[in-house]
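Thank you all for making time this morning; I would like to walk through a few local features of one structure, slowly enough that anyone new to it can follow along. Please have a look at the display first, and then we will go on together.

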Amino acid sequence: MSSTDTALTQEEEDFLAKGDVKDHFAEYNEVIKIIDDLHHAYANQTKSELSDEGFNFILNKYQEQPHLLDPHLEELLTKLLKLVRTTETGKLLHHAFKYLYLITKVRGHKAIVRLFPHEVSDLEPIMTMLSKQNPYDRETWENKYMLLLWLSMICLIPFDMDKFDSEGSKPLIERIIDVAKLYLMLYGDKCQEAAALVLSKILTRPDAQEQHLPNFITWCVEKICDFKKEDSAGIATLQGPLLALATIFAVGKRSSIIPFAPIVLQAIQKEDLPHNQHSQIRKLSVKLVQRLGITFLKPILPKWRYQRGCRSLKDTLKSQNQDAADKTNIDGEEDEYDVPDEIESVIECLMNALYDSDTIVRWSAAKGIGRVTSRLPRDLADEVVGSVLDCFSDTQADGAYHGGCLTLAELGRRGLLLPHRLEEVVPILLHALVFDLKRGAFSVGANVRDSACYLAWSFARAYNAETIAPYVEKIARSLLIVTAYDREVNCRRAASAAFQENVGRQGQFPHGIDILTKADYFAVGSRTDSYLVIGPYIASFKEYTVTFIDHLCERKVDHWDPEIRLLTAIALHNLVPISPTYMADAVLAKLLPMCTGIDLVARHGSIIAVAEIIHSLSGVETSTGSVGLISRNKHLKTAFGICKELQNASVFRGFGNELMRLAICHLITRVSECRALIKPPPAATKSWLKVIHDTLSNLDWYVDVEKVCNAAVKALAEVNHITIPTGDFTEVALNQKSDGKANDVLDSYILKLKSSSEKERIGYSQAISALPKHVVNGRYMKILNALMAATKKSGSADAAFAEAHMHAVQALVKICKGMDIKKDGNPDEALCVTNVNDVYETLIHCLSDYTKDNRGDIGSIVRLAGIRGLEMITLEIVQKDKSILNKEIIRKLMCSVLQQSGEKIHKVRDGARDALFSLLHNNPKVPFIPHHDELVPIFINRGYMPRMKGLYRMTSKVLMFDTYLYNMLLGLVVSVGDLTQSLADASGEALFAHLDSIHRNEEQMEKFIDAFIKIFENHLKVTRVSMPLLKTLQLILQRGYFSGIADVMQDPKKKDSPLSQTPTKIFSLVKQEIARTKDAQRLLTSIEVFCGFLQLPSDDLRKCTISQLLRMLCHVYPKVRRSTATQLYESVLTYDDLVSDMDNLETVMTILSETVWDSPVDALRPIRNELCPYFSVAVPKLVSKK
């Protein structure tokens, strides 16, 4: 969503709310160590980068509290400047300057330059260093920036510069000016600012201003006049001179620079710079114009200024009960003096800049008007104030309001906004504090509200308490509204600061101290806390109650941000106990018409607000005994009819229908929860059910399906308590009457579980789970069977309905958790021996859902739901009656969950691990878990979340138990053969660590291989398993884990051992896997596997393998032929006994390496056939396709 107001996430707001207030430079020693280690760190790039990041990170912490660095600045600068003076190494010098810049960035250059050495002896070395710098090198700009700042300080030495000139060389002043002008014309870094500062210092010296200042100003004016508006690339040619002129007119003596002011002003007006397309140019031109205006006027302090208010809380409290005399000389005589004609142009320029589109321009103009006005006579100053007030007409945009507020604040804090203007200014302030203009799906106005807080803050410093007294309550209410209910954190904090300033200096804001203890700068950082905690606290004071409620109803209920509307509704809920009568009468009367209005946003906000108010009124009536507060409220009838009226207006179709369905479901839920006091009429509940069922049947329409579904299901659960009476339903259910309301409802829901729409299945799965216990009691088996069927794929139509299957699992678990648990219970009334096996089989079956679509492995959500369901149901059963469990159920459960703990989806692995921990560490103990005591130390800590490698090492320990070997190995094989390298490495490391410990143990290796073969047999042609299994097999062969099998095969006594036959079985399975396949990747992997078999000492297996490889030399895919030739070539090099006659070895190697295997198969077949006798295998026969 686009917005000009930057929105913060809740996590960011919570972080800001905590604050990071420091009281000293805590990392001082660490910073000193970084500086001291620079000599060693700069040569190593890694150490150098770490030092830079550490130094930057530490100093950035003090951006908001830079004064904490002051006690240590001198030492830090001394160490760094010592490096600058003593080193000649470019890298080390650059690091020293970079650190100097970082300190300057935090503390500000004005504080830093005062600490620079400024002796005459430093002048020449600095000029030398500057001359060695490359002005166009962007990598070392910090060097040049800091050198220029240092030079600006040295330019203040109180000696004639001409004395330091060398014979035959250019005068020093000219050299300094030339260097500064060079950097002044370079655009893109801060060197331009430093160069302007150097020029302002050097050109305003007594020994330079007479000779060099006129020439420089003439040069600047020429640059300004030569600039072309369309030349965006040459912006530096204009920005540099403007920056230099602004700085010169700021620091130069008025008598020296006033002759040049008209010339510069004329050039700016001629080129129309205040309307330039570049914001920086406009800002600099406005800044220069205000400096020119100050230059034209004499630096006097007008006697007509208003005396400022108290500056401390102590003075305020002393004067609270005293009649302070107004010492302002408003009506007194003032000195007469002429105002130059140019001032009119200056003020006009600054006033126009208040309407600029950029904040930096408006802010500069506001300060300029304040400064210029402070030197004007009273009549002219009052005209300026009147012109500023014109910014607040209804036709002006938010920028004009912002600029006007900033200007009034600047005038106010200087005492230039006289008390008689307060009648005009205060209404403007109150309007600006809540200024918010809608712009489609967002709004503008945060900058206006922020500047209005600044204006309110300036009042505290501008006026005596008695002057501001008539407006105190209005200002206090508006400031506190912004403090509690503004959307933007900066506005809330600005309002809190302004309120605090007024409480401290005026001392008459109602309950000021009490409110400040709750609503301080950091407390308002969290939007949620501001709305739901701070707002109700402030509203509890009677002066603010009605104002807060009205503001929420008038300005926040129809706010453009849905999160604000929801917070508003909850805030109104919290405010009901403070003023229940006002809420029940006035507020409901105000909001109910908006619920059926034409504005979508207002409808949404008012509906959820009405829902929360009704719910809160019900609670107040119940707790306080205020009979009739809501139960006999005259507005209830209108509230009950909202849904029907909206249905008639067709607002649940077309644009905004999702928002309206969420709102109406919220209203239904909240009103239904008040059923103890409120009895909705049948017509209302009928319209409610119609909307809910329509919502659940058409979830395909919505963007946020889960949110809409949950809202509808929650509403349905509450309505059912009203529409289906307990007694009637139970009787109907137990008597199995087909015409009863219970059966009708239940059958219609169950029928929806077979819908062709996945979203409809989702909705009604949740609807069934939300039915109250008395509704489903006696019909459990029917519900369980329907939900269990809904978790499985019934055909190709619903094969990809993974979300529907997941919701069916969740509904099944929820129903089971709500059932009674009795070993010999009635299966229609309880979870018992009769039905528990079916439930477990269904959930365990869900762990084999590996559905894939264009989103990837969407079956993972079903598996995760199954894992959590098995965990919750098992723990529930163990808690109530564990006698219904049996060994087979628990064995299957543990095997299935352990398999998931080794598979490749991270979320599923973590879910399986958490479930295992819960099952193993539950109290009371879960019965029948195989190897329970051995597993407990493996899954010992739920809170500890190991990295992927640690998790696999932990779960792979389960491979030592025969019960879990098959499933655990199946999970690991899928991960080891995955394409993701990090996953394959982590799981492979765990599997191979286990093989390292057993590959010489014949018994253990036989069990491992048997499980491996069984997995292969059960998943032939199942790509999800067979492909990773081939890769795993290739890695096992490559790492030599079949060496123990080779030893068995060579032992004559173990010739008939089952272990010696396993390679042949595996070879046969690999052949079956690649038979008739067109999967090139599968074929390429199988080639590596076949070549791995050649290491085994079995002539028959070797011949079969060679024969297979030779067939693949004439495969239809050239890539397969090339790979086969390469792999076979490498195998022959490794095992030279593969060739029956060593004399033919070179011939075989030549054929394999020099034949172009990309040639047509017909041309390659004779070559392949030539190789067969060399390997003592029969020539493959060409079989014709039938």
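This is a predicted model: local features need pLDDT of at least 70, side-chain atom pairs count only at pLDDT 80 or more; totals for chains, interfaces and linings use all residues.

Helix 17 covers residues 279-296 and helix 19 covers residues 342-353, and the two pack with their axes 9 Å apart, at an angle of about 150 degrees. Because an angle over 145 degrees counts as roughly antiparallel, helix 17 is described as roughly antiparallel to helix 19.

Which residues of helix 17 and helix 19 meet? From helix 17 there are Val-286, Val-289, Gln-290, Gly-293 and Phe-296, and from helix 19 they meet Glu-342, Ile-343, Val-346, Cys-349, Leu-350 and Ala-353. Sorted by class, this contact of helix 17 with helix 19 comprises 8 nonpolar residues, 2 polar ones and 1 charged one.

Let me turn now to helix 16, residues 261-271, where Ala-261, Val-264, Leu-265, Ala-267, Ile-268 and Glu-271 are buried. If you look down the axis of helix 16, those buried residues fall within an arc of 160 degrees, and so they line one face of the helix. Gln-266 and Lys-270, on the other side of helix 16, are exposed. Directly after helix 16 comes Asp-272, and its phi is positive, near 55 degrees.

His-511 has a phi near 55 degrees, which is positive even though the residue is not a glycine, and His-511 sits in the loop between helix 27 (489-506) and helix 28 (512-518). Is His-511 buried, exposed or partly exposed? With a relative accessible area of 31%, His-511 is partly exposed, since that class lies between the buried limit of 20% and the exposed limit of 50%.

The other loop, between helix 48 (906-921) and helix 49 (932-935), holds Pro-924, and the peptide bond leading from Asn-923 to Pro-924 is cis, with omega near 10 degrees. Phe-928 is also found in the loop between helix 48 and helix 49, and Phe-928, although not a glycine, has a positive phi of about 70 degrees. At a relative accessibility of 37%, Phe-928 counts as partly exposed.

Key. Residues are numbered from 1 along each chain as its sequence is written. Side-chain values use heavy atoms; hydrogens and water are left out. Axes are lines fitted to C-alpha atoms, for helices over the stretch in contact, and angles run from 0 to 180 degrees between N-to-C directions. Helices (H or I, at least four residues) and strands (E, at least two) are DSSP runs, numbered from the N terminus. Angles under 35 degrees count as roughly parallel, over 145 as roughly antiparallel, 65 to 115 as roughly perpendicular and the rest as oblique. Contact means heavy atoms within 4.5 Å. Ala, Val, Leu, Ile, Met, Phe, Trp, Tyr, Cys and Pro count as nonpolar, Asp, Glu, Lys and Arg as charged, and the others, Gly among them, as polar. Buried means under 20% relative accessible area, exposed over 50%, partly exposed in between (1.4 Å probe, protein chains only). The arc is that of the directions from the helix axis to the C-beta atoms.
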